[in-house]
Each structure stands twice: as C-alpha cells, then as structure tokens.
Amino acid sequence: MPSTNHNYRHLFVGLDTPVPLYDGTQQPYINLDNAASTPPLRNVQAAVDAFLPYYSSVHRGTGFKSRLSTHAYEAARRAVLRFVNADPAAHTCIFGKNTTEAINKLAHRFPFTDKRDVVLTSGMEHHSNDLPWRNRGKTVHVGLTQDGHLDEADLDRQLGHYAGRVALVAISGASNVTGYLNPIHHLARKAHAAGAQILVDCAQLPPHRRVDMRPLDDPEHLDFLAISAHKMYAPFGTGALVGRREVFAQGDPDMQGGGTVEIVTLDDVVWAGPPDRDEAGSPNTVGAVALAAAIAQLENIGMEAVAAHEAELTAYALQRLQAIPDIHIYGDRDPQRAAQRLGVIPLQVSGVSHFKVAAILGNEFGIGVRSGCFCAHPYILHLLGLSPEDSQQVRERMLAGDKRQMPGLIRASFGLYNTLEEVDALAEPLERIIRGDFRGHYQQEVASGEYHLSDWQPPFEQYFSWETTLLPSFQAGDD
Ligand code: PMP
C-alpha cells in the first residue's frame with residue numbers, strides 16, 4: 001500500500017462518514033471534487049460553534065455581543081488581508097458570497113474611463129472570470145497554446161495591438177480544469193508596463209499555494225484578487241474581493257442600501273468609504289469567522305507543506321492513471337512536473353461517456369468526481385480540439401434539448417486530506433469500468449445527458465432529513 005509522509009485527515013469533518021452504494025453496502029465517501037468545493041476543517045467547525053453563542057448584529061450594535069461580533073468580523077477581514085500579504089493602507093478586503101460575486105463587483109466598480117477600454121482575459125477562464133467582463137468595455141480573450149497553457153506571445157501581441165487601451169488584465173491564478181498555474185507576477189509586470197491593472201481569479205489558488213499581492217510599488221504586484229471560502233475548507237457562504245482601496249473609495253456602489261452610506265437625505269447620499277461602501281446589507285459574519293479559521297489552519301500547516309503533499313498525490317495519480325490503457329489525461333501528464341501545477345486532473349475514458357463514468361463512480365464506488373465542462377466551455381472545446389464546425393453541431397444539438405453528446409471530461413481534483421490510497425481507489429474502478437465490470441444498468445437522460453440507474457436512488461432521507469434537524473422539544477404536539 002502506498003502512503004504519503006503526511007496525513008491531514010484528522011483535521012477535517014466527515015471524511016469517514018459512510019455513504020450508500022448500489023450493492024447495498026456503505027463506505028466512506030471519497031471526495032475527488034475539491035476544485036468545486038472542499039469539506040470543512042474541524043477548527044472551522046469549532047470556531048463557528050464557539051462564535052455562535054455570541055453571534056449578533058455587526059457594526060452599529062452597541063451591546064457586548066454586537067461589539068464582539070464586529071470585533072470578530074473585522075479581525076477576519078484583517079486575517080484575509082494578511083493571508084494574501086496585502087497592505088491594509090493600500091488594499092481593502094470586501095466580503096461577499098464567492099469569487100463569482102467578487103468578480104462581478106469589480107466588473108461594475110472598476111473605473112473604466114472609455115467604452116473603448118479593453119479587458120484582456122483568456123480562453124482558459126472559468127465563466128466567472130469571463131462573462132462579467134463581456135460588455136464592460138471590449139473583452140478580448142488571449143489565446144492558448146495547443147496543450148492549453150496561456151499563450152504569452154499572444155498576450156504580448158494583444159497588449160501591443162490595444163496599446164494604451166488595455167485597462168485590466170483578468171486572469172486565473174490556476175485553472176480549475178488542468179490545474180495549470182499562470183505566472184501571475186510575470187503577467188502583472190507586463191500588464192503594468194502596458195498601463196493596465198491586473199485581477200487574479202484566485203478561486204483555485206489559496207487552498208494550494210501561498211498568494212502574495214506584493215506592495216503596490218513592486219511592478220509585479222497584484223491589483224485585485226477574488227477568493228471563495230468554500231474551496232478553502234470553510235463552506236459557510238463567504239468569499240472576498242481584495243483590491244486597491246482607492247478604486248472602492250470612488251464611484252457609486254453596485255449594490256446600494258443599508259451600511260453603504262455616511263449620510264442620506266431625501267435627495268442626496270454620501271457614500272461610506274471602503275470597504276463599507278461595497279458591503280450592502282447585513283454581512284455574513286459567521287462565514288467570515290469560518291474563513292479566518294481556515295486561514296489560521298492553513299497558515300499553521302504552512303502552504304509549502306500543503307503544496308508538497310498535493311504534489312506527491314498528483315505525481316502518483318498521473319503515473320497510476322496514465323498506465324491504464326484507454327485513459328487519456330488532458331493537459332500536462334508529466335509526474336515530474338507535479339509540483340508546478342495543481343492536483344486537478346482532467347481525463348477521459350475511451351468509448352465511455354464522461355457522464356456515465358461519473359455516475360458509475362458515484363453509485364457503485366462512493367467516489368465523487370465532476371464530469372462535463374466545469375464552467376469553462378471554451379477551454380474544454382480547446383482541449384478536446386473540437387473544430388468550429390464540430391462545436392457548432394454540438395451547440396445546435398444542445399439548443400434542441402439533447403445533451404447526450406455534450407463534450408466533456410472527468411475531473412479528479414485533490415484536497416489536502418486526500419491520500420495515495422484514494423488515488424488507487426479511483427484507478428481500480430476506472431479499470432473495472434473499462435472492462436465493463438460494473439453492476440448497474442444505466443439510462444441516459446436526453447435533456448441533461450446524465451446517466452441514471454432505473455432501479456436505485458440513494459436513500460437520502462436515511463442520511464439527512466429535516467425531521468432529524470428538529471430538537472425533540474420542537475416536534476409535533478409541543479406548544
Ligand atoms: N474561478 C475559478 C477558476 C473556479 O474554479 C471557480 C469555481 N469552480 C470560480 C471562479 C467560481 O467560484 P465560485 O463558484 O465560488 O463563485
């Protein structure tokens with residue numbers, strides 16, 4: 001049996017919780033979908049439990065619990081700024097729901113000066129760092145190399161072509177499809193030299209790597225970044241936009257209401273300074289506390305140790321999976337380079353739909369992976385090498401309500417707690433699926449393309465139901 005030097009499983013909630021399988025047995029769930037969301041850290045759960053008895057309104061409350069809640073919320077903000085090495089005098093941290101909301105906020109708040117302003121994003125972006133920019137000035141997608149890396153020569157070309165007009169370079173720190181890491185500081189230098197600013201979509205970065213915004217007088221500094229706590233082992237509905245304070249000290253907030261103002265009269269409003277101007281309504285204090293607890297744990301483990309453990313998993317997985325005939329891994333396949341990318345492995349099983357592989361892994365082996373296009377349709381089509389004609393055909397079939405042939409991949413993505421045994425636990429079922437050695441009869445749904453068993457549904461009610469969340473004293477008959 002292989003084993004890594006480090007095992008972090010005791011730090012997490014629920015890893016040994018059994019889940020039901022199609023054959024009537026149960027086994028602990030194997031979560032290989034960490035690029036989507038991660039399970040909570042135990043200290044996150046403990047921090048939330050410790051905080052809830054004191055939870056109260058933040059900011060203008062004057063009682064002890066309100067003041068404690070405000071204190072905890074603002075401490076969480078400072079923890080985020082410190083974690084990404086931001087300068088509180090130069091940067092502000094605006095809490096919101098997630099990376100998507102953070103990028104949408106920046107898209108509305110970025111001080112574009114001209115309709116001709118250009119945003120350079122890329123063909124490898126998650127939709128959340130692409131769609132918000134469309135129609136905010138001119139959005140240009142920097143091209144990719146054949147193996148799916150950002151084509152820096154094309155970035156240079158676009159910066160030259162749109163010289164003087166590029167306001168922002170909006171780029172992912174790491175891809176949620178291939179795990180590629182972009183050279184963000186090197187790109188920042190290029191953006192700044194062209195008179196632009198840079199946003200890094202950091203949804204995938206801080207759970208795996210140290211993030212450093214660097215001082216604003218460093219030509220390689222980052223101007224803005226966006227993060228999601230649910231990808232950082234703190235799934236309590238919080239994310240953050242960290243960015244240049246002066247940008248958020250000007251202009252009207254995109255969301256307006258309580259908390260965003262200094263003074264309001266019936267015909268005038270004076271907006272509050274950052275970050276209040278951009279945090280309309282009552283904030284998610286519990287989420288902020290949870291995120292700060294996760295940060296404390298990641299810092300305690302050390303991001304170098306986090307990266308080293310994941311590199312070990314990734315190298316083993318690349319080796320193990322590509323030794324299986326009929327598995328095709330996309331992106332970089334070289335185990336020697338595992339430390340230079342994230343543990344996100346996109347693959348395909350020859351001749352079996354990605355939807356079907358994912359369904360069998362879930363129903364029969366208790367393994368959670370993701371299948372499809374991972375909110376990055378253009379990138380997946382690029383990796384699959386689909387011609388414009390093929391893409392057009394796919395589009396027409398999908399628009400006609402038939403997703404059975406929808407292109408896509410299977411994605412296995414690692415978190416800090418995954419083990420080499422879990423890599424084997426993925427590889428063996430994949431070998432069995434290739435041999436046709438699985439039990440269920442699967443039917444494909446036309447509208448979604450997904451595969452379902454006709455004779456089994458997981459018994460969700462036995463595992464979680466609303467009744468079990470009610471304390472006995474609140475059950476029927478109590479008044
Ligand atoms: N960008 C990237 C690279 C992502 O992986 C994700 C989530 N998969 C997002 C943005 C969006 O994050 P969220 O759903 O938390 O808003």
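This is a predicted model: local features need pLDDT of at least 70, side-chain atom pairs count only at pLDDT 80 or more; totals for chains, interfaces and linings use all residues.

Entry 1: I call a residue near a molecule or strand if one of its heavy atoms lies within 4 Å of it. Residues are numbered from 1 along each chain as its sequence is written, and side-chain values use heavy atoms, with hydrogens and water left out.

Which residues come nearest to the ligand? Of the 14 around it, I found Thr100, Asp201, Gln204, Ser228 and Lys231 to come nearest. I then sorted the shell by class and got three nonpolar, nine polar and two charged residues. For this, Ala, Val, Leu, Ile, Met, Phe, Trp, Tyr, Cys and Pro count as nonpolar, Asp, Glu, Lys and Arg as charged, and the others, Gly among them, as polar.

Next I looked up polar contacts (pairs of N or O atoms within 3.5 Å; within protein, one must be able to donate a hydrogen and the other to accept it, and residues adjacent in sequence count only if both atoms are side-chain atoms). Threonine 100 has a polar side-chain atom 2.5 Å from a ligand oxygen. For serine 228, a side-chain N or O atom is 2.6 Å from an oxygen of the ligand, and a polar side-chain atom of histidine 230 also lies 2.6 Å from a ligand oxygen. Taken alone the ligand exposes 400 Å², and the protein buries 89% of that; these areas come from the Shrake-Rupley method with a 1.4 Å probe, and for residues only the protein chains shown count as cover.

**Entry 2: strand β10.** Helices (H or I, at least four residues) and strands (E, at least two) are DSSP runs, numbered from the N terminus. Two strands pair if DSSP finds at least two bridges between them. I saw that β4 (residues 91–96) runs antiparallel to β10 and is joined to it by six bridges, with glycine 96 partnering glycine 239. Strand β9 (residues 224–228) is also antiparallel to β10, over five bridges, and isoleucine 227 stands opposite alanine 240.

How many residues of β10 (residues 239–244) are buried? Six of the six are, so β10 is largely enclosed by the rest of the structure. Buried means under 20% relative accessible area, exposed over 50%, and partly exposed in between (1.4 Å probe, protein chains only).

**Entry 3: a four-stranded sheet.** I traced an open sheet in the order β13-β14-β17-β16, with antiparallel pairing. Its edge strands, β13 (327–329) and β16 (370–372), each pair on one side only. Between β14 (residues 344–349) and β17 (residues 409–413) I noted four bridges, and valine 344 stands opposite serine 413. Arginine 411 sits in β17 and is buried at 3% relative accessibility.

**Entry 4: asparagine 34.** This residue lies in the loop between β3 (30–31) and α1 (42–51), buried at 3%. Its side chain makes polar contacts of 2.5 Å with that of tyrosine 417 and 3.0 Å with that of asparagine 418.

Entry 5: Most residues other than glycine have a negative phi, and most peptide bonds are trans. I found a cis bond from proline 274 to proline 275, with omega near 5 degrees. Tyrosine 233 has a positive phi near 70 degrees and is buried at 0%.
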